[in-house]
Amino acid sequence: MASNGLTSPFDIEDQGYFWLKGNLHSHTTNSDGRPPPQERVDGYVNQGYDFLCLSDHYDITRIDSVSAPDDFVLVQGAELHPENPFGGQTHHFLAFNIDEDMDSKRMPPQHVIDEVRRQGGSIWLAHPHWSAVNILRDTLPLNGLAGVEVFNTTCRCAGRGESSVHWDDWMDLLGRPIPALANDDSHALESQERDTYQGWNMVKVRERSAKAIIDALERGCAYVSTGPEIHDIQLRRVDEPGDGVQIVEATVSCSEARRVHAVCDSTGTEYQEKGGTFEQATFRLRANSRWARFEIIAPDGEKAWSNPLELADVSR
């Protein structure tokens, strides 16, 4: 585990651990979604997902109101919307593993965060690009958010699906890495083929439970994707003798890719093979970087994002 509390899933031995795939942002007829809750659950079950949150707006859709196979994990939560006192648009927060409803519309955002945490839950910043969030103005004054939703399928339909710049900006202002989610934010019926099954979280856990899944996401023991798979990321120091510069080399193993971006705390670098595709890339990161996150771009343009990895303690 790095000093900031993030844990690379690729540094954990597989014995006793396994990967789960899930979506933590969806809506039903209990708020502004088209399908009823059971239909939404059935859709993700039938698509081979392992977990789902029915994150309806304001009020909790109770997981005991729907049924799912024994090995399918339902995460109880809601999307909460306190007013923004800092000048930006209304906040959108995803809250997981909560049991008590709250009147988030009438609560200051910090009080909403504190109440979720009082309940033992986890709260995340949702789709900041779509929400026109300014991290410095609207997010930095708040304490206790677990991380950021870096991709949102519904927001991609509106042209603002990816929030990676907001993610980088927030980490730069905090001076530390934070973890990310990718979700559908599904509102439409499955038959509309609009905003379902296009963004997901891959979480490495030791048990199938809502607590294990959310805890792993908070620790960064996951990656997120719209298609590509990340099989492994390994780092090693390759400093040149006597130059006093920290150089780290990364080896990324993945499904077929045409580019890999290493986005560091300052600038970054890219790996490609002259227009060809590959499934493994070994390349040097930007010298003296503090952390790096990796983006795998598939031949069809779909993308996977690793969580940021600390570089200061990487060994030879």
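Mentor: Gladly! Let's begin with a cut-off: buried means under 20% relative accessible area, exposed means over 50%, and partly exposed is in between. Keep in mind that this is a predicted model.

Trainee: Then why does Tyr197 count as buried?

Mentor: Its relative accessibility is 18%, and buried means under 20%, so Tyr197 counts as buried. You will find Tyr197 in the loop between strand 8 and strand 9 (200-205). Tyr197 also has a positive phi, about 65°, although it is not a glycine.

Trainee: What makes His127 count as buried?

Mentor: His127 has a relative accessibility of 3%, and the cut-off for buried is under 20%, so the label for His127 is buried. His127 sits in the loop between strand 6 (122-125) and helix 3 (135-139). Its phi is near 25°, a positive value in a residue other than glycine.

Trainee: Why is Glu39 called partly exposed?

Mentor: Glu39 has 41% relative accessibility. Glu39 belongs to helix 1 (residues 37-46), and together with Asp42, Glu190 and Glu193 it gathers in a patch of negative charge on the surface.

Trainee: What makes that patch negative?

Mentor: Asp and Glu count as negative, and the patch consists of Glu39, Asp42, Glu190 and Glu193.

Trainee: How do you know that strand 7 is mostly covered?

Mentor: Look at its residues, 148-152: 5 of the 5 are buried.

Trainee: And what makes strand 7 and strand 8 a pair?

Mentor: Two strands pair if there are at least two bridges between them. Strand 7 and strand 8 (residues 180-183) have 4 bridges, in the parallel sense. One of the partners to look for is Asn183 in strand 8, the bridge partner of Asn152.

Trainee: Now for the salt bridges. Why is the contact of Arg137 with Asp138 called one?

Mentor: Side chains of opposite charge can pair when their charged atoms come close. The cut-off is a side-chain nitrogen of Lys or Arg within 4 Å of a carboxyl oxygen of Asp or Glu. For Arg137 and Asp138, the closest N and O atoms are 2.8 Å apart, so the contact meets the definition. Arg137 is partly exposed at 35%, whereas Asp138 is buried at 0%.

Trainee: How do you know that Lys303 forms a salt bridge with Glu162?

Mentor: Their closest N and O atoms are 3.3 Å apart, and the limit is 4 Å. Lys303 lies in strand 17 (residues 303-306) and Glu162 in the loop between helix 4 (153-157) and helix 5 (164-174), so this pair ties together parts that are 141 residues apart in sequence. Lys303 counts as buried at 15%, and Glu162 is partly exposed at 28%.

Trainee: What makes Arg293 and Asp168 a salt bridge?

Mentor: The closest N and O atoms of Arg293 and Asp168 are 2.8 Å apart, again within 4 Å. Arg293 is in strand 16 (residues 291-297) and Asp168 is in helix 5, so parts 125 residues apart in sequence are tied together. Arg293 is buried at 2%, while Asp168 is partly exposed at 24%.

Trainee: Which residues are linked in a network of salt bridges?

Mentor: The network links Glu162, Asp168, Arg293, Glu295 and Lys303. A search of the whole structure finds 19 salt bridges.

Key
Residues numbered from 1 in each chain as written. Predicted model: local features only at pLDDT ≥ 70, side-chain atom pairs only at ≥ 80, totals over all residues. Heavy atoms only, no water. Patch = residues over 30% accessible without salt bridge, like charges linked within 9 Å, V, L, I, M, F, W, Y side chains within 5 Å. Areas by Shrake-Rupley, 256 points an atom, 1.4 Å probe, with all protein chains shown as cover. Charge placed at Lys NZ, Arg CZ, Asp CG, Glu CD. Helix = DSSP H or I, 4+ residues; strand = E, 2+ residues; numbered from the N terminus. Buried < 20%, exposed > 50% of the residue type's maximum accessible area, 1.4 Å probe, protein only.
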